[in-house]
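Hello,

Here is the structure I promised to pass on to you. Have a look at it first, and then read on for what turned up.

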Amino acid sequence: MFLNKLKVNHYRNYEQVELTTDSNINIFVGPNAQGKTNLLESIYVLAMTKSHRTHQDKELIGWNQDHTSLHAEVTKRYGSCKLDLAISPKGKKAKINGLEQKKLSNFIGALNVVMFAPEDLEIVKGTPGIRRRFLDMEIGQVHPAYLYDLSQYQKILLQRNNYLKQSGPVKASLDPMLEIWNEQLAQYGVKIMKKRQSFIKKLQQWAETIHRGITNHNEELRIRYSPSFDIQDFEDESVFLEQFMIKLSQVKDQEFRRGVTLVGPHRDDLLFYINEKEVQTYGSQGQQRTTALSLKLAEIELIHEEVGEYPLLLLDDVLSELDEYRQTQLIQTFQQKVQTFITTTGLDSVHMDKLDHASVFHVLKGNVSSRS
Ligand SMILES: Nc1ncnc2c1ncn2[C@@H]1O[C@H](COP(=O)(O)OP(=O)(O)O)[C@@H](O)[C@H]1O
Ligand SMILES: [Mg+2]
């Protein structure tokens with residue numbers, strides 16, 4: 001799929017911008033703090049209805065404005081579609097081909113994107129919460145029902161935690177109220193963990209091959225799902241559910257003492273290994289960065305596999321950080337296949353001779369001008 005046209009209104013530092021984009025490569029060039037990332041972010045928001053860098057939707061609205069609106073025209077294999085997303089302090093309104101979508105989860109996934117930005121190093125180096133967010137966003141854009149299960153799980157978790165806190169440390173052996181929470185928690189927990197497990201399995205297969213390619217066959221990357229308790233069988237849902245319930249009964253006393261839920265997908269993690277050594281602990285900065293890159297590129301293939309089309313690739317400030325070999329490797333793998341948006345402060349860091357054709361846009365103080 002690719003984006004033909006992008007319109008943004010009152011978005012961050014943009015008053016109004018309308019762009020016709022190249023179906024191959026688009027480069028946004030300009031000094032710092034002019035709006036390059038904001039533009040890529042607006043494309044990401046059109047795909048996910050959320051920013052990749054803030055949870056606060058109101059930050060996206062231009063200062064002194066009461067709402068922002070985004071519009072995209074997307075060409076897909078079987079036709080085209082128009083996407084509209086308006087964000088105000090009251091909430092979001094999403095339309096596909098002019099038809100309002102009551103549920104945002106029906107809108108998410110109409111446009112697929114993969115963003116790679118310097119912050120993505122945190123997926124490897126940062127806290128487990130960052131890795132869970134990565135999993136949730138990526139699974140969600142391909143399987144919107146996952147987002148519904150996730151929000152149900154989070155509601156139940158919150159209520160269950162409140163119950164544990166209020167009850168205090170001393171508890172009778174049988175607690176019918178807790179039994180009800182347990183069943184609901186396990187029911188949604190199992191759905192989420194099954195999806196995560198199968199996503200990671202597929203991601204691993206792609207990432208392994210891609211990583212070998214970008215490291216010239218020097219490094220073997222492994223990605224492992226690390227749930228909060230051992231699971232023998234992901235496939236059989238009733239067995240899995242039972243394991244979850246048994247685990248909950250085992251940690252019950254501890255949970256009452258501490259007032260929090262100790263097992264479930266909210267405690268999941270993702271582990272990375274290069275040549276059998278954990279990247280988070282033993283990897284060099286360069287290996288951590290390449291791991292993050294392999295992950296993102298694997299996602300492109302995974303989305304292609306699941307959706308039947310390639311997503312857009314958004315590369316924010318990362319091309320200049322790659323050496324020539326890696327840059328060429330990246331561009332040659334995806335050009336003519338994946339529509340790519342690149343930001344950079346200078347064209348001298350981009351090996352233009354490796355690009356088939358590209359549109360160059362200059363970004364200055366919230367204005368975008370094209371130059372071929
Ligand atoms: N809600 C907003 N309204 C107006 N300007 C904003 C808003 N949010 C951020 N900005 C401005 O956007 C600019 C940063 O844009 P950004 O896209 O991050 O720059 P860069 O070109 O370096 O990627 C800053 O000047 C910042 O003040
Ligand atoms: Mg930037």
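**A hairpin, a helix and a ligand**

Strand β10 pairs with strand β11 (residues 277–278) in the antiparallel sense, over two bridges. Please keep in mind as you read that this is a predicted model. Within that pairing, Ile-274 sits opposite Lys-277 of β11. The two strands make a hairpin with two residues between them, and Asn-275 in the turn has a positive phi of about 45 degrees.

β10 also has a partner in strand β9 (residues 221–226): these two pair in the antiparallel sense as well, over six bridges. If you want a place to start tracing that pairing, find Ser-226, which stands opposite Asp-269 in β10.

How covered is β10 itself? It runs over residues 269–274, and six of its six residues are buried. In a regular strand, side chains alternate between the two faces of the sheet. In β10, Asp-269, Leu-271 and Tyr-273 point one way, while Leu-270, Phe-272 and Ile-274 point the other way. Both sets are buried.

Next, the helix α1, which covers residues 36–48. At 1.5 Å a residue, its 13 residues should span 18 Å, and the end C-alpha atoms are 19 Å apart, which agrees. Is α1 enclosed or open? Since 13 of its 13 residues are buried, α1 is largely enclosed by the rest of the structure.

Finally, the ligand. Which residues lie closest to ligand 1? They are Ala-33, Lys-36, Thr-37, Asn-38 and Glu-59, out of 15 residues that surround ligand 1. Sorted by class, this shell holds four nonpolar, seven polar and four charged residues.

- Ile-61: a backbone N or O atom lies 2.9 Å from a nitrogen atom of ligand 1.
- Gln-34: a backbone N or O atom lies 3.1 Å from an oxygen atom of ligand 1.
- Asn-13: a backbone N or O atom lies 3.5 Å from a nitrogen atom of ligand 1.

As for how much of the ligand is covered, ligand 1 taken alone exposes 580 Å², and the protein buries 78% of that.

Happy exploring, and do write back with any questions.

Best wishes

Note on methods: Residues are numbered from 1 along each chain as its sequence is written. Chains are lettered from A and ligands numbered from 1 in the order in which they are written. This is a predicted model: local features need pLDDT of at least 70, side-chain atom pairs count only at pLDDT 80 or more; totals for chains, interfaces and linings use all residues. Side-chain values use heavy atoms; hydrogens and water are left out. A residue is near a molecule or strand if one of its heavy atoms lies within 4 Å of it. A polar contact is a pair of N or O atoms within 3.5 Å; within protein, one must be able to donate a hydrogen and the other to accept it, and residues adjacent in sequence count only if both atoms are side-chain atoms. Accessible areas come from the Shrake-Rupley method with a 1.4 Å probe; for residues, only the protein chains shown count as cover. Ala, Val, Leu, Ile, Met, Phe, Trp, Tyr, Cys and Pro count as nonpolar, Asp, Glu, Lys and Arg as charged, and the others, Gly among them, as polar. Buried means under 20% relative accessible area, exposed over 50%, partly exposed in between (1.4 Å probe, protein chains only). Helices (H or I, at least four residues) and strands (E, at least two) are DSSP runs, numbered from the N terminus. Two strands pair if DSSP finds at least two bridges between them. The expected span of a helix is 1.5 Å times one less than its number of residues.
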